[in-house]
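Keep the sequence and the 3D view open beside you while you read.

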Protein chains: 2
Amino acid sequence: MKLIIIDDDPIVSSSLKKIIESHSNYTVVAIGTDGADAMPLFIQYLPDVILMDIQMKHQSGLEAASAVLSFQPSAKIILLTTFSDDEYIIEALRIGVKGYLLKQNFQSIIPSLEAVASGQHVYGAEIIHKLPSLSSPTKYSLPAQYESLSEKEKEVLTLVGQGLNNKEIADSLHMSEGSVRNCVSTLLDKLSLKSRTQLAIFFLKHFRK
Amino acid sequence: MKLIIIDDDPIVSSSLKKIIESHSNYTVVAIGTDGADAMPLFIQYLPDVILMDIQMKHQSGLEAASAVLSFQPSAKIILLTTFSDDEYIIEALRIGVKGYLLKQNFQSIIPSLEAVASGQHVYGAEIIHKLPSLSSPTKYSLPAQYESLSEKEKEVLTLVGQGLNNKEIADSLHMSEGSVRNCVSTLLDKLSLKSRTQLAIFFLKHFRK
DNA sequence: TATTTAACGTGACATTTGTCACTTCTTTTC
DNA sequence: GAAAAGAAGTGACAAATGTCACGTTAAATA
């Protein structure tokens, strides 16, 4: 199986090459030193996997990955990063990178390489928890005032968050339209908001799956 | 290395066991048939990895994983799912599961197992894109109608999405309140929505960071 | 038992939002 | 240059939303 390594530090590239070629059935067919090398090397060799540093002088690994993936979305690109406090993870996942690993412990790169080659996605343990969808919508992030809502009020809030109007909410919850209006009014008061639209925004911010 | 398999279908468990023990240096030390088995088996054997079905009769794999992880957060649990349209992925990531794979292609389970054992996280390619922070805010996911909006309309939409009322939008964009109303009306028409609240919901769904 | 408190409802009213027909101005196109 | 298309505005009107004072019921408490 063919592999390309792209890293602006030749020491990293060569130790990676050494480790990979000694432990598995991969051949490093090319080594690049900048993101700009990724596209031409990819087209020339059509490797099974690309291992690429995310921080490089001229063109970043992210840009390079984006270019390659827009050309070939199934390309198996693993980005390597030095720091775990990494804000690029979301963008990397979005463009379709198949792996995102810390450079640190080299020995875990081999199994990750295998997993990516077999079609899975692999991410460093320290990195995956940077995803906002994991941290945001837990009930611990709810404002204190939310606790003061009655069950009915929470139901109404939920339906406002779906975009229903008062009549529709009334029908769904078997209450009168007047009551719904009242209930919405109470919600606005309790949550210190000014309109039903702001209620919906509140709901989505806190409860979006 | 020790492994536990938990699946309510004995056919699945035994074929997994066969594959794993033939291809790698793992020993399946126990097989459970329900989520409720996870905790006692984990405590008894302290396995390196747990492979567990997510859908089981009595207790789900998710609940079981949650129990084990609250006892031992570093436990390496891989959940297996049958369907890729899987809404549990977020909750699974949140509780700290280290892998989430489709049962389908058995052969990719071995490399994934290795990667997880070496400390990485592994997710099936079909699954990772269920994360809302990945799927929502790309411009490719925008409905075709969005392209028909004028610049002004996009600005108004943005402010509706912040919860501003017509007067406030008019002041911000230096236009009359009547124009804003008109603009909102056009937005509703173009996007086939029925109220400003639904506009805000539309905005948040597509543009939330 | 009497009192308080909270959930829920009602109806009148004020305000905000949404619709529609029509105008103005600009750009594009023939 | 005339016609067409579309972005933006105006004003009158209709509909939905939000507010308020007040009523009913039921549970909690003195």
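Just after α5(A), Gly119(A) takes a positive phi of about 105 degrees. Helices here are DSSP runs of H or I with at least four residues, strands are runs of E with at least two, and both are numbered from the N terminus. This is a predicted model, in which local features need pLDDT of at least 70 and side-chain atom pairs count only at pLDDT 80 or more, while totals for chains, interfaces and linings use all residues. Residues are numbered from 1 along each chain as its sequence is written, chains are lettered from A and ligands numbered from 1 in the order in which they are written, and side-chain values use heavy atoms, with hydrogens and water left out.

**Exercise 1.** Work out why helix α5 of chain A is described as largely enclosed by the rest of the structure.

*Solution.* 
- Step 1: Buried means under 20% relative accessible area, exposed means over 50%, and partly exposed lies in between (1.4 Å probe, protein chains only).
- Step 2: Go along the helix, residues 109–117. The buried residues include Ile109(A), Ile110(A), Leu113(A) and Val116(A).
- Step 3: Conclude. Eight of the nine residues are buried, so the helix is largely enclosed by the rest of the structure.
- Step 4: Chain A has 209 residues, of which 51% count as buried.

## Strands

**Exercise 2.** Find the strands that pair with β5(A), and say what covers its faces.

*Solution.* 
- Step 1: Recall that two strands pair if DSSP finds at least two bridges between them.
- Step 2: Look at β4(A), residues 77–81. It pairs with β5(A) in the parallel sense over four bridges, and Leu79(A) stands opposite Tyr100(A).
- Step 3: Look at β6(A), residues 120–124. It also pairs with β5(A) in the parallel sense, over two bridges; here the bridge partner of Tyr100(A) is Tyr123(A).
- Step 4: Check the faces. In a regular strand the side chains alternate between the two faces of the sheet. In β5(A), Gly99(A) and Leu101(A) are buried on one side, and Tyr100(A) and Leu102(A) are buried on the other.

## A lysine inside

**Exercise 3.** Is Lys103(A) buried or exposed, and which side chains does it reach with polar contacts?

*Solution.* 
- Step 1: Locate the residue. Lys103(A) is found in the loop between β5 and α5 of chain A.
- Step 2: Read the area. With a relative accessible area of 13%, Lys103(A) is buried.
- Step 3: Look for polar contacts (pairs of N or O atoms within 3.5 Å; within protein, one must be able to donate a hydrogen and the other to accept it, and residues adjacent in sequence count only if both atoms are side-chain atoms). The side chain of Lys103(A) makes one of 3.1 Å with the side chain of Asp7(A) and one of 3.3 Å with that of Asp53(A).
- Step 4: Widen the view to contacts, meaning heavy atoms within 4.5 Å. Leaving aside neighbours within four places in sequence, the partners of Lys103(A) include Val12(A), Leu80(A) and Thr82(A).

## The nonpolar core

**Exercise 4.** Which residues have the most contacts inside the largest nonpolar core?

*Solution.* 
- Step 1: Define it. A nonpolar core is a set of buried Ala, Val, Leu, Ile, Met, Phe, Trp, Tyr and Cys residues joined through side-chain atoms within 4.5 Å.
- Step 2: Name them. The largest core has 56 residues, and those with the most contacts inside it are Met52, Ile77 and Leu79 of chain A and Met52, Ile77 and Leu79 of chain B.
- Step 3: Note that a second, separate core has 44 residues, including Ala170(A) and Leu173(B).
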